[in-house]
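Please read these points with the structure open beside you. They are meant to be followed in order.

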Amino acid sequence: MTAVAGGVSLSELEARLFPIVERYRGREGAAIPLLADVQKELGYVAEEAVEYVGSELGIPPAELFGVATFYAMFRFQPQGKYVVRLCRGTACHVQGSARVAEQLERTLGVKDGGTTEDLIFTLQYVACLGCCSLAPVMLVNDEVHGRLTPEKAVAVLEELRKKSVPEVSR
Amino acid sequence: MNKTTVTIGLASCGIASGGLPVAEELEGLLAGREDVEIKKVGCVGYCYMEPLVSVIRDGKSCTYGKVNANVLHRIVDEHVNRNLVVQEHLILTEGTEPKGTENPRGEKQVRIVLRNSGLIDPKNIDEYISRDGYKGLEKAVKTLPDEVIKEVLDSGLRGRGGAGFPTGMKWRFARDAKAADMRDKYLVCNADEGDPGAFMDRSVLESDPHSVIEGMIIGAYAVGASHGVIYCRAEYPMAVRHLGIALEQARQRGFLGRDILDVPDFDFDIYVKEGAGAFVCGEETALIASIEGQRGMPRPRPPFPANSGVWKKPTNINNVETYANVPWILLNGAGAFNRYGHGRSKGTKVFALAGKIKKGGLAEVPMGMSLREVIFDIAGGIENDRKFKAVQLGGPSGGCVPDYLLDTPVDYESINATGAIMGSGGMVVMDEDTCVVDVARFFLAFVQKESCGKCPFCRVGTKRMLEILERITQGKGVLEDIDKLLNLAAQIKDGSLCGLGQTAPNPVQTTIKYFRDEYVAHIVDKKCPAKVCSALIRYSVDASKCIGCARCAKACPVGAVSGEPKRPHLIDDAACVRCGLCKKNCPISCISVD
């Protein structure tokens, strides 16, 4: 059996996606929540997954890819344990989020959309998190960190890295 | 003794400021107390003071700002237990204003949209009902749909999403549209608040979701719709959660479902559709495509959504703030609403105040108040008392308004006349340390990335404009670039199908109009007057002042600062990344940037 998506075999992939397929069978216009559920299950939208759900539901995979690539929410690579969403909205920009971005890129060694090799962090720039009065802001998974400086942002990540290193090497 | 209520603000901004641990601490401190009730409320708009805790007793409310565990212990010990107000941390008592400021924020505000925000528990429908909730709906269904539409028309309410189309007219069109099955129409709430710098819709959905739901139900009655959709940004998880809870409660009480309020055949239900991150989906035809599960690309109008919208059915679309106004208008009458306002803009507008101001947050003001009053009286003026340079209104579709136009009243027409737009109400204030060319480049980068790619002018034109602006901010621009930008701007506006392209050049056009000298400084003098554009600035140490403390060297992330201890240090310009950390960490301010 060959591993396909993130070390998951094809049959396992299908078993995991089957309940999702059943949920959307016969539902019109459900491409976005369908893909969102696939991403939730696998951590990203894997090519094999799109082909499988597409063939099950009778939607051409190209159509699903067309939808998935249109929206910023969908990812096509495995994501880090912590997804760092740095706000690059206007208020954050005016308050210096570009400096924070540069510092994060230096610290993590990745650019916008990149994931560190150890799969701990994914860095993403997002348009606006709506916390403008706390600018600059970043969202790490579901936690908001406001009034950032380059140093403060790095400190948050170092803390998380410390927490996850023993777990990864285990 | 009357029961005491302690509220804590737990909207996104409250949580981001550390509200959750404070709430936990509060629950611990007051565990088992019969005489005190804890209420988790939404956002009251004083985001700069979060986390906020209020003690309400005998009809009087005292609000404390920047509450941490220590302050909380004092509030409970002194105020809750012994009825002694903790003066040092008090920012507001009901009816009065943050102390120590001459400019009261509250008295200049008129709260219609934000009438309940920060005062009620958004997860409890009874609290909404106790503050006249669903009374507007009850009143509406006692009249004919046409009378409801007339009331909304008379109120002068216009779309708060940006374009300002009269809401009553929109409803009229949707009502008159023919549907195969009488009530087979859609009513959509646009909660895809994508403008960076705008967060009023998030706040309303998190803090008072029922006001939007009630507005939609009234709208459904008026236009004769039976299907409701709230299209909400996925970036707002709390808004989605609170809407889900509120919808379920509304169903249980019979405000949604079949024969609503016992009106025969008045059937209406709402579901929440989460967006997936695409700015263009705020445009109504793109939003419809997205609801149908397709790529969110706009299409030409006509046909207008009123005749052919979601699944080709007649569809009415309004935004969050517009719907939140509706129950108040129905309950209090059109006259109570349109006595606020200026010219053809009636009622109030909620602004999201951000940028270089002292008091960021939300403010709801009557239309017609001047920008100056909003920025200097309500938002407290510029941070660190720097000089005001411009205010950016209307997000990427808007423009920068300079200081000499600060007396412009906030109404749709007056703001359009400056070249900016009202937009959804984002106000990002900039001071002398903000580079307007960099801001124009920033917005262009945003719209270029968010362009759906359908229209070549928008797709390619914004790319070309962005390249030119990048060149200018890197000191490689030529004077003809300014004309080239204006020429491209005009063509993109003409050649684009939807609002995104038609307004994308606004930030560039307004900054050239009002700040041409800054463009010239970048191009001719190769200088960034605000000292922002990194290719045009350099950091240096004043060797005669440097004490060699080495804090700059320690702070530098790339090791560009060198020097012996106790000797003047030196910055290697080639290695320097212009992050400014050396300057920030210098204890004697001997590092300068020019």
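1. A definition comes first: two strands are said to pair if DSSP finds at least two bridges between them. The model discussed here is a predicted one. With that in mind, look at strand β6 of chain B, residues 186-191, which is joined to β9(B) by five bridges. The two strands run parallel. Within this pairing, C189(B) stands opposite N318(B) of β9(B).

2. These two strands belong to an open sheet of four strands in chain B, in the order β8-β7-β6-β9, with parallel pairing. Its edge strands are β8 (269-274) and β9 (315-319) of chain B, each of which pairs on one side only. On average, neighbouring strands of the sheet are turned by 20° against each other, direction ignored. As background, the strands of a sheet pair through backbone hydrogen bonds, and the pairing may be parallel or antiparallel.

3. Helix α12 of chain B, residues 320-332, lies across β6 and β9 of chain B. Its direction makes an angle of about 95° with β9(B).

4. Is helix α11 of chain B, residues 284-291, largely enclosed or open? Eight of its eight residues are buried, so the helix is largely enclosed by the rest of the structure. Buried here means under 20% relative accessible area. Among the buried residues are E284(B), T285(B), L287(B) and I291(B). What do the buried residues of α11(B) pack against? In chain B they pack against α7, β6, β7 (227-232), β8 and β9, and in chain A against α2 (31-42). Just after α11(B), G293(B) has a positive phi of about 85°.

5. L261(B) is found in the loop between α10 (237-252) and β8 of chain B, and D265(B) lies in the loop between α10 and β8 of chain B. L261(B) counts as partly exposed because its relative accessible area is 27%. D265(B), at 56% relative accessibility, counts as exposed, since the cut-off for exposed is over 50%.

6. In chain A, a cis bond joins A135(A) and P136(A), with omega at about -10°. P136(A) lies in the loop between β4 (121-126) and β5 (138-140) of chain A. In chain B, the bond from E50(B) to P51(B) is cis, with omega near -5°. P51(B) is placed in the loop between β2 (36-41) and β3 (53-57) of chain B.

7. F165(B) sits in the loop between α6 (145-155) and α7 (167-176) of chain B. With a relative accessibility of 37%, F165(B) counts as partly exposed.

8. Last, chain A as a whole. Chain A has seven helices and six strands, following the pattern β-β-α-α-α-α-β-α-α-β-β-β-α along the sequence. Its C-alpha trace spans about 50 × 40 × 20 Å along the principal axes. Of the 170 residues in chain A, 52% are buried. Chain A exposes about 7800 Å², of which carbon and sulfur atoms supply 52%.

Definitions and conventions
Residues numbered from 1 in each chain as written. Chains lettered and ligands numbered in written order. Predicted model: local features only at pLDDT ≥ 70, side-chain atom pairs only at ≥ 80, totals over all residues. Heavy atoms only, no water. Buried < 20%, exposed > 50% of the residue type's maximum accessible area, 1.4 Å probe, protein only. Axes fitted to C-alpha atoms, helices over the stretch in contact; angles between N-to-C directions. Contact = heavy atoms within 4.5 Å. Areas by Shrake-Rupley, 256 points an atom, 1.4 Å probe, with all protein chains shown as cover.
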